[in-house]
Amino acid sequence: ILKIKSLMNNFSSNLELIFYEMGKNFEQYKNIRLSQATYYRLLLPIIIDTERIIYLDGDTITLKDLTELYNFNLGNNYVLGFLGLASWGLDYLGIKANNWINDGVILLNLKKIRDDNRTFNLLNITKRGIILKHDDNTVINYALYPNIGQLPLKYGIWNFLDILDVQKYSKHLRQKINISKYEESIKDPGI
C-alpha cells in the first residue's frame, strides 16, 4: 500500500486511496471469465457519496484529461456509455433496447440512481435468478433501462484496425455508428 501511495503522490498530491471490504457479494457470479469483483461497480451508488462518477475498466487507455467527460450533460439518464455489440442483449427479457451500452467506460449519475431508488434494481436483479447472458452488462442495461444514453465517440475509440472494422461492427448494432463522427473522433481520441 505504501508503494502505491508513493506512486500516486508522484502524479498528484490530491489523490486518495480508499479500500472497501466487499465481502462475498456476487460470489454466485464468479466464473471462468469473470470474478465477482466485476459486479462491484453495481455498489458504487451506495459506497461513493458523490453525484456522478466515471467508471473505467482496467484495460482502458486514457489519453486526455477527463474533466470534460465528467461534466458531460447526463440529461435524464442514469448512465452514459458506448453502443455495445449486444444491442439485442435484453430481447430475452422483453426489452428491445437500441441503446445497449458496453459498461467498460461509463458515466454514472449516482445521485439520480439513489434519488430514484434504482440502486435496489441494480442489486435485486442479481438476486432474482435472472440469467445474465452478458454478465454485468445485462444488469446495468436492464436495471437502468430506459434512462441510458450515449457518450461522444472520442471517449470510446475501440481498437479497430481500419474503417472496415468499424463498418462490420456497426452492422451488428440496432443504432448505427455515424462513420464520419467516428473518423473525426479517431483523430483526437480521449479514451
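A nonpolar core is a set of buried Ala, Val, Leu, Ile, Met, Phe, Trp, Tyr and Cys residues joined through side-chain atoms within 4.5 Å. In this predicted model, the largest such core holds 24 residues. Leu 42, Val 79, Leu 108, Leu 122, Val 139 and Leu 144 touch the most other members. Several elements contribute to this core. Strand S3 (101-108), helix H4, helix H5 (118-127) and helix H6 (135-143) supply at least two residues each. In soluble globular proteins, nonpolar side chains tend to be buried together.

Neighbours within four places in sequence are set aside here. Leu 122 is then in contact with Leu 42, Pro 45, Ile 113, Val 139, Ile 140, Ala 143 and Leu 144. Of these partners, Leu 42, Val 139 and Leu 144 are, like Leu 122 itself, among the core residues that touch the most other members.

The overall fold was examined next. The chain has 8 helices and 4 strands. Along the sequence, these elements follow the pattern α-α-β-α-β-β-α-α-α-β-α-α. The chain has 191 residues, and 41% of them count as buried.

Strand S2 (residues 79-83) is mostly covered, with 5 of its 5 residues buried. S2 pairs with two strands, S3 and S4. The pairing with S3 is antiparallel and spans 4 bridges. S2 and S4 run parallel and are joined by 3 bridges. Val 79 has a partner in each of these strands. Leu 108 stands opposite Val 79 in S3, and Ile 148 stands opposite Val 79 in S4. Val 79 and Leu 108 also belong to the group that touches the most other members of the largest core. In a regular strand the side chains alternate between the two faces of the sheet.

Helix H4 (residues 110-115) contains Lys 112. Lys 112 counts as buried because its relative accessibility is 16%, below the 20% cut-off. Beyond residues up to four places away in sequence, Lys 112 touches Asn 76, Asn 77, Tyr 78 and Asn 147. Asn 117 lies in the loop between H4 and H5. Asn 117 has 58% relative accessibility and therefore counts as exposed. The phi angle of Asn 117 is near 55°, a positive value in a residue other than glycine.

A cis peptide bond runs from Tyr 145 to Pro 146, with omega near 0°. Pro 146 is found in the loop between H6 and strand S4 (148-150).

Aromatic rings were considered last. A pair of aromatic rings is described by the distance of the centres and the angle of the planes. A search of the whole structure finds 0 aromatic pairs. A charged side chain does sit over a ring, however. Arg 52 lies over the face of Tyr 70, at 5.9 Å from the ring centre.

Methods: Residues are numbered from 1 along each chain as its sequence is written. This is a predicted model: local features need pLDDT of at least 70, side-chain atom pairs count only at pLDDT 80 or more; totals for chains, interfaces and linings use all residues. Side-chain values use heavy atoms; hydrogens and water are left out. Rings of Phe, Tyr and Trp (its six-membered ring) pair if their centres lie within 6.5 Å; planes under 30 degrees apart count as stacked, over 60 as edge-to-face and the rest as tilted. A charge sits over a ring if NZ of Lys or CZ of Arg is within 6 Å of the ring centre and within 35 degrees of the ring normal. Buried means under 20% relative accessible area, exposed over 50%, partly exposed in between (1.4 Å probe, protein chains only). Contact means heavy atoms within 4.5 Å. Two strands pair if DSSP finds at least two bridges between them.
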